[in-house]
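Biologist: I would like to learn how to read the fold and the interface of a model. Please take one feature at a time.

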4 protein chains.
Amino acid sequence: MSGNTMGLLFTVTSFGESHGPAIGCVVDGCPPGLEISEADIQAELDRRKPGTSRHVTQRREPDAVEILSGVYEGKTTGTPIALLIRNTDQRSKDYGNIADTFRPGHADYCYWHKYGIRDPRGGGRSSARETAVRVAAGAIAKKWLHQRYGIVIRGHMSQIGEIAIPFKGWEHVSGNPFFAADPEVVPQLESYMDSVRKSLDSIGARLRVVAENVPVGWGEPVFDRLDADIAHAMMSINAVKGVEIGAGFGCVTQRGSEHGDELTPQGFASNHAGGVLGGISTGQDIEVSIAIKPTSSIAQPRRSIDKQGQPLTMETHGRHDPCVGIRATPIAEAMLALVLIDHALRHRAQCGDVSVDTPRIAGRIG
Amino acid sequence: MSGNTMGLLFTVTSFGESHGPAIGCVVDGCPPGLEISEADIQAELDRRKPGTSRHVTQRREPDAVEILSGVYEGKTTGTPIALLIRNTDQRSKDYGNIADTFRPGHADYCYWHKYGIRDPRGGGRSSARETAVRVAAGAIAKKWLHQRYGIVIRGHMSQIGEIAIPFKGWEHVSGNPFFAADPEVVPQLESYMDSVRKSLDSIGARLRVVAENVPVGWGEPVFDRLDADIAHAMMSINAVKGVEIGAGFGCVTQRGSEHGDELTPQGFASNHAGGVLGGISTGQDIEVSIAIKPTSSIAQPRRSIDKQGQPLTMETHGRHDPCVGIRATPIAEAMLALVLIDHALRHRAQCGDVSVDTPRIAGRIG
Amino acid sequence: MSGNTMGLLFTVTSFGESHGPAIGCVVDGCPPGLEISEADIQAELDRRKPGTSRHVTQRREPDAVEILSGVYEGKTTGTPIALLIRNTDQRSKDYGNIADTFRPGHADYCYWHKYGIRDPRGGGRSSARETAVRVAAGAIAKKWLHQRYGIVIRGHMSQIGEIAIPFKGWEHVSGNPFFAADPEVVPQLESYMDSVRKSLDSIGARLRVVAENVPVGWGEPVFDRLDADIAHAMMSINAVKGVEIGAGFGCVTQRGSEHGDELTPQGFASNHAGGVLGGISTGQDIEVSIAIKPTSSIAQPRRSIDKQGQPLTMETHGRHDPCVGIRATPIAEAMLALVLIDHALRHRAQCGDVSVDTPRIAGRIG
Amino acid sequence: MSGNTMGLLFTVTSFGESHGPAIGCVVDGCPPGLEISEADIQAELDRRKPGTSRHVTQRREPDAVEILSGVYEGKTTGTPIALLIRNTDQRSKDYGNIADTFRPGHADYCYWHKYGIRDPRGGGRSSARETAVRVAAGAIAKKWLHQRYGIVIRGHMSQIGEIAIPFKGWEHVSGNPFFAADPEVVPQLESYMDSVRKSLDSIGARLRVVAENVPVGWGEPVFDRLDADIAHAMMSINAVKGVEIGAGFGCVTQRGSEHGDELTPQGFASNHAGGVLGGISTGQDIEVSIAIKPTSSIAQPRRSIDKQGQPLTMETHGRHDPCVGIRATPIAEAMLALVLIDHALRHRAQCGDVSVDTPRIAGRIG
């Protein structure tokens, strides 16, 4: 299975370069009969769209999605769903200079060494633009998970640089450009980001993503544990350097008497596990946190080399997000949705489609 | 591909329950011609073996490995290598009680809900015993990576509970039961673990694993990035709740001017990336950290429920590691080795087997 | 891995319905540095194109291919290559009638039962139009195999109905609409096909495909044998009902003393094996034959049922190939090329890229 | 996914050499709750066992299977089922001679060129002994398919050499060593095989395998069609050179008016399709035929070469089946079962577990 396909049963095969004709993907294995429209997908894409505030890149990409296949009379047919997003904002310019040098913190050096050739235009395949495709595919997954199981997947920014952002409620997230779940901290974030931008620098961020109403029983140990596949999906997002489930690195200083979630007839007494035990969902909320590194493209002079190994200094001007974490929340939500739908299908393949509410009957043949 | 197989080309298919007849695995896709013996594998298994100090479980498992196939006259033939470890220390006892209850912090509840049936003996499939198989398979991967590329993969414990453990040098790691890279901290660790044990509790830990001499160019973006596959592999280890590459969560508070590793004719000026950019190895050390939760089995009374949903109190006596992180270093090393060998093969499949030292030639056909 | 992706390393993910906006595919895992253009691909597509003689469907599809990604300055970059073919000849008409009935010999009945919904327009996903995508992807595979190993893949029709078509030479194949390798039989084929068409019927065919210059050593036993993957690929072509390697069903009446190909210092003395032994290429020509059933859409009245299970009679008028085998030669060639390139990459992943001419050295580490 | 694993969800990972310590496999993805015992598996293994008549090899292998994991209190738990068969009849002898030469018709030459090393003892990995593992895994698949869907999978020999064997009824198959479905032809087969053996030669065969009660809707077009996966599975059996579905190569001379199976309210009027249309099961019997080449090991002198390319003459004495087709029926049944169970799971993953009898409801969300 090639590196540009994720999932075993609900698969997303991604393609496209930042400044090529188009980006897109093929979603295969989608259950039939799901009502889906370009508008459904567009709504998610617009949440990730650049140019919506002064704190994100001013690049203007309408990111208009076209469904090419797999949907008939408004419903999925079970055949592959191809999604196409034409690239429109490709400023024509001379890439000759960029083509010979490697931007620090970027994948240029690695792509060139790996393949012996690379498309330098706008970062080519390694551009964050590629993540639009994930959001588009994730929109389909989200809708099915919600319709079939009532699953709700939401994320918010929980920290930017040194500023921790409290969680005051999901209703606040869409009301500010930072996906912050606390409206009171927004002015502070704005001035913070202004100062970062003025210092010609960038900053890292931490996001939290939560899936509610996930049934108990999803995940395929010992390797394709639900949390392992979530970690894979999250770490595959550009700029992510860390992934936590539940207590995450906090568990290092926890005692077993604190960390281990007790069970009661009313359910689990806590959720340090983050909704996954032994690689299988517990029925509690799936809790995921990720660390996103600061944007590598900054307008300060940075040392680098060219293809011949000669030293040079480069500074990157142009339209770049000072904090790539700001627009990453819809991406992280999409990735979580894609992992969950794949595991929903994997689970019912082996064990049948037991409803959440149905008590298990011992001795059942799956 | 089933949940008990990892890897695309160098695959490990794991089987076995803690108290069944045996555990083992099938390693497929191994390059032919590698000299490998049971002694090579046993040496790694012995590093993970229980019963070697008072700080780990006193369960005695010789973990003697038998090679069943794939090796002829001491060399791999390219056919599947089956490894078998018979279970010997299966104390006969009545599991009736355990079979009807769910131990807090364990996978019992999830396995039962997922499959409608579970093997309760010693945790069955979800036992940490399963990780012995990973160490065995990893021994083969380690040896090939070292012979072919000079890759060295080593790990150590960097924190246990509140105690950070400095890195003083790899030579110290094997000299103490904690895999600590600083001999001076060992007495403190011993008394700390004694106190944890006396309080009938357990504690979490943080490990660091490093791979040196990894060539530039391994990793298959956009989904099967090297770091994404590492995250998958690490999170698939029992009790792991967090994974970091390079700066990890430290990048949240970093500026781009600090985090982005500059390039010089002598190489990268720093390694905040942890050896991976854009999902592809940079040629620097691969740096991974993981968080391991405290052992769930503790001798304190804990609330739980039985299969009928009735409340009960249980405390787990017996032979349990007070810190599962202590024996996890060889496991984490093995998982890193398994990911690296798989990507070594994937890379040379698509791009050919370019030596690290050979400069790239533009226009080459892979 | 979803059902619309083929290959493990060189993968083709196909999408599109006959009368939807477009068909296409994503080719992933292609080695970098290969010169490829839309013209290269178009040349192969034109060999399969409808409307080129009176013996094939008169449907007019230019089948113009667009490369959306993965190629930069005329060369593959190692990233996914998306190929798009817009559907242009979609006659607007009322499909209401067809939508409720199941055409005999077609997949309508099965699609509807499988998915509970189907796109009835022109056969939807099950249309032979989907095979254009395979030809497009195969063009890339063919070119790389030829450039790197000198492999030549060619096919011809060896039988149509009762008429066996002798093999007189590859040079004859492109000179007639039947892909016949004997110009003298062409008049007979023309009158035969005219009579089939006049009788409002259709007819089956047998094709032979040959790959020359395949190195010894490709194939991954015991399951992913080269011949097993070829059988899979061929049987996945619409209307194929049988696959043979080498002697094929002829081996049933062969003695071992006849069938077993002897080896001499000059090479194999015969090729009953068809270039594959034990699932691994022998270095001889890969010889494949396939059986293609007669077109199901014929203008005679046929019994069928509707969705409610009510009986009805239907006859299919319109633009249909009286022998789908006629245009299938480029498809079969493409499928063979796709299997071979995937195995070329799989082989060099595990065993390294040993040149055909290099004698094996015992004890080599792969 | 390595070459020794078959299936996507119900996977079989095979290992072992003919004369190594053991052969075996890991079956993963098996639905939980299935009652299975070593006796269930042994019964199928005994049908394939050598030494049961003078017409098969006199090698004596008890082929006793041991279940190592995945079964608890007689039921599958959903975790991997490891099956182990120790090799017992390894006559000690000097393989030095065989190790340097390539037996005509065997895989020796290919294995050596592929891997640069090979286990020559009894054919090593390429021995037909490996197929015992398939039969063992298939026994599990057969049982589940029968319990859940009432599926019955049976095979018989339909031709040996020039002798076509009529189908008189399934009840006759177990009554003779040839798996012939006609008791009257058995004396003829016996004398025929005696003459083949006396002439120091071997002979090919044709088998037919049928699966009854397969629900409509299984198969994953466009590549993982049910028939394509069947073709893959069958062609992966040692010595198979051809596969047919339904009419098979007979369709070449069929008219569409004959081949296309009409539908009536009572079902299909014929089954030229062999139970598969468009790659999806029709609900009719799955009909498969395979061609099996004559045994390559014969006691006549044959030309070959050694590793240095020097010519030599070899004749193979010892315990060889004069017709490998004779014992292949249980293997072909097992392969069909393995494909069907995998598709059963794949289908219910995407589309849910609709009972065969439940009429489809349009607009259902899968």
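Modeller: This is a predicted model. Begin with the contacts in chain A that have a separation of 6 or more: 69% of them are between residues 24 or more positions apart.

Biologist: What secondary structure does chain A have?

Modeller: Chain A has 18 strands and eight helices.

Biologist: How does the radius of gyration of chain A stand against that of a compact globule?

Modeller: A compact globule of 366 residues would have a radius of gyration near 21 Å, and chain A agrees because its own value is 21 Å. Along the principal axes, the C-alpha atoms of chain A fill a box of roughly 70 × 50 × 40 Å. As for burial, 66% of the 366 residues of chain A count as buried.

Biologist: How many residues of chain B are in contact with chain A?

Modeller: The size of an interface is often given as the accessible area lost when the parts come together. Here the count is of residues: 96 of chain B are in contact with 96 of chain A. On the chain B side, helix 3 of chain B gives the largest share, seven residues. By class, that side of chain B has 40 nonpolar, 35 polar and 21 charged residues.

Biologist: Which strands are joined by bridges between the chains, and do they run parallel or antiparallel?

Modeller: Strand 11 of chain A, residues 240-245, is joined to strand 11 of chain B by three bridges, and the two run antiparallel. In this pairing, Glu244(B) of strand 11 of chain B stands opposite Gly242(A).

Technical notes. Residues are numbered from 1 along each chain as its sequence is written. Chains are lettered from A and ligands numbered from 1 in the order in which they are written. This is a predicted model: local features need pLDDT of at least 70, side-chain atom pairs count only at pLDDT 80 or more; totals for chains, interfaces and linings use all residues. Two residues are in contact if their C-beta atoms, placed from the backbone, lie within 7 Å. Helices (H or I, at least four residues) and strands (E, at least two) are DSSP runs, numbered from the N terminus. Ala, Val, Leu, Ile, Met, Phe, Trp, Tyr, Cys and Pro count as nonpolar, Asp, Glu, Lys and Arg as charged, and the others, Gly among them, as polar. Two strands pair if DSSP finds at least two bridges between them. The radius of gyration is taken over C-alpha atoms; the globule rule is 2.2 Å times the number of residues to the power 0.38. A residue is buried if 20 or more other C-beta atoms lie within 10 Å of its own, exposed if 12 or fewer, and partly exposed in between; C-beta atoms are placed from the backbone.
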